[in-house]
Amino acid sequence: MAKRPPKTIGLRTEADAPLKSRAPAARDPRQPALPFDPMPDRIEPCLALLTGKPPKGDDWAFEIKWDGYRLAVHVEPTKVRILTRGGHDWTSRFTGIANAARNLGAATMILDGEAVVLDDQGRPDFGALQAALGGRGGKRDARAAIFYAFDLLYLDGHDVSRMDQAERRMLLETVLTDPDGTIRLSEEIEADGEVLFQSACEHGLEGIIAKHRHRPYRSGRQGDWLKIKCVQSESFLVIGYEPSTTMPGAIASLLLAARKGDGLVYVGSVGTGFKGSVARELKAQLDSIREAKPAVHAKAQGVVYARPELTAEIEFRAWTGDGKLRHASFKGLREAADTSAIYEITTSDE
């Protein structure tokens, strides 16, 4: 009698024997390995372009704008490095963030984000972050700082910066799963941009960030990211001070300058936002770098001029018609490592 051919049902034969593959053979050393992307030593950050109102359309994703220090966290095979926006190594100043990065589970990784210290209502407090770092020039380890990661540029041997923002976000969400950890995901908020912006302003936040979902990570201010601010906050050079007439050994106001081309331009003064102890510390710092000749003409009387070495973070409402800051308030001094962030006057500001 002729035998019936085996009847195939799924992956089993009539004899109910499962199909098995051969045992894996040892890899032939002549076989090429899948290529890995070299891990970059540093990636110049993508910067957000200031705009007056949120963009519309499904191409844009929105996040909160964090008020702190922009950092890149590099998880490397043998160490973790934390770099400032200007490329300075601040690993020793954020050891809590570095330790948390080691425990994320990736062999190699580059995170882009912001280090902040939160107030008792969960809002970023730039002054508190400065205090945690020990002030300008301080060497304190800011263990109170947490890191909000908002982008992923490299992961386990692969450069993912060339992927779309939406794809990078999906990968980032798989890496960061602890909402209360030292390293946290900067949440993408599903909302109309204008509604989110109004809500951010009502809650005392600095503003929001809009990111184009279908763009790769590109260094510089390309317009792929936009920032919409409730209150303007920028960095300016301090070129002198007006002494206080009511508080001996303190300042009454700081004179400020912005970059313009290859030079500086005077943008007014700030006389609020610093307490008595800070006003005295600022006077001592500026007295140590006094100059007889101003770095830029300020049209002010009875002031003490200084070399433009200190950078102040200033909050303000608008610009006056003659190019001065309106309703300015002092937030703190930035580190010398962040001089690349000094505000630059462009033709659109004039």
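Helices (H or I, at least four residues) and strands (E, at least two) are DSSP runs, numbered from the N terminus. Hello everyone, and thanks for coming; with that term settled, let me walk you through this one. What we have is a predicted model, where local features need pLDDT of at least 70 and side-chain atom pairs count only at pLDDT 80 or more, while totals for chains, interfaces and linings use all residues. Residues are numbered from 1 along each chain as its sequence is written, and side-chain values use heavy atoms, with hydrogens and water left out.

First, the overall picture. The protein chain comes to five helices and 17 strands. It has 350 residues, and 46% of them count as buried, where buried means under 20% relative accessible area, exposed over 50%, and partly exposed in between (1.4 Å probe, protein chains only). Take the contacts, meaning heavy atoms within 4.5 Å, between residues at least 6 apart in sequence: 67% of them join residues at least 24 apart. The chain exposes about 18800 Å², with carbon and sulfur atoms supplying 51% of that; the areas come from the Shrake-Rupley method with a 1.4 Å probe, and for residues only the protein chains shown count as cover.

Now to helix 3, residues 165-175. Which of its residues are buried? They are Gln165, Arg168, Arg169, Leu172 and Val175. Looking down the axis of helix 3, these buried residues fall within an arc of 115°, so they line one face of the helix; the arc is that of the directions from the helix axis to the C-beta atoms. As a reminder, an α-helix has 3.6 residues a turn, so residues three or four places apart point the same way. On the face turned away from the buried side, helix 3 carries the exposed residues Met170 and Thr174. And what do the buried residues of helix 3 pack against? The partners are strand 2 (60-64), strand 5 (109-116), strand 6 (146-155), strand 8 (183-185) and strand 9 (207-212).

On a 1 Å grid over the protein atoms alone, a cavity is a set of points where a 1.4 Å probe fits but cannot get out; a pocket is an open set with protein on both sides within 12 Å along at least five of seven lines; and lining residues have an atom within 4 Å of a point. Grid points are joined across faces, edges and corners, and a volume is the space filled by probe spheres set on the points.

How many cavities of 30 Å³ or more are there? The count is two. The second largest cavity, with a volume of about 30 Å³, is lined by Phe150, Asp151, Gln165, Arg168, Arg169 and Leu172. Helix 3 gives the largest share of that lining, four residues. The largest cavity holds about 130 Å³ of space. Its lining has 14 residues, with Ile43, Pro45, Leu71, Ala72 and Thr84 nearest the centre, and strand 3 gives the largest share, four residues.

On to the pockets. The largest pocket has a volume of about 1000 Å³. It is lined by 41 residues, and Ala48, Arg85, Arg221, Lys227 and Glu234 lie nearest its centre. Which strand gives the most to this lining? That is strand 11, with four residues. By class, the lining of the largest pocket divides into 15 nonpolar, eight polar and 18 charged residues (Ala, Val, Leu, Ile, Met, Phe, Trp, Tyr, Cys and Pro count as nonpolar, Asp, Glu, Lys and Arg as charged, and the others, Gly among them, as polar).

The second largest pocket holds about 860 Å³ and is lined by 33 residues, of which Asp125, Phe126, Gly127, Lys331 and Gly332 lie nearest its centre. Helix 2 (126-132), helix 5 (276-287) and strand 17 (329-334) are the elements giving two or more residues to that lining. Its residues divide into eleven nonpolar, eleven polar and eleven charged.

Last, some backbone. Most residues other than glycine have a negative phi, and most peptide bonds are trans. Asp156 is not a glycine, yet has a positive phi of about 45°; it sits in the loop between strand 6 and strand 7 (158-159). His327, also not a glycine, has a positive phi of about 55°. His327 lies in the loop between strand 16 (325-326) and strand 17. Is His327 buried or exposed? At 60% relative accessibility, His327 counts as exposed, whereas Asp156 is partly exposed at 36%.
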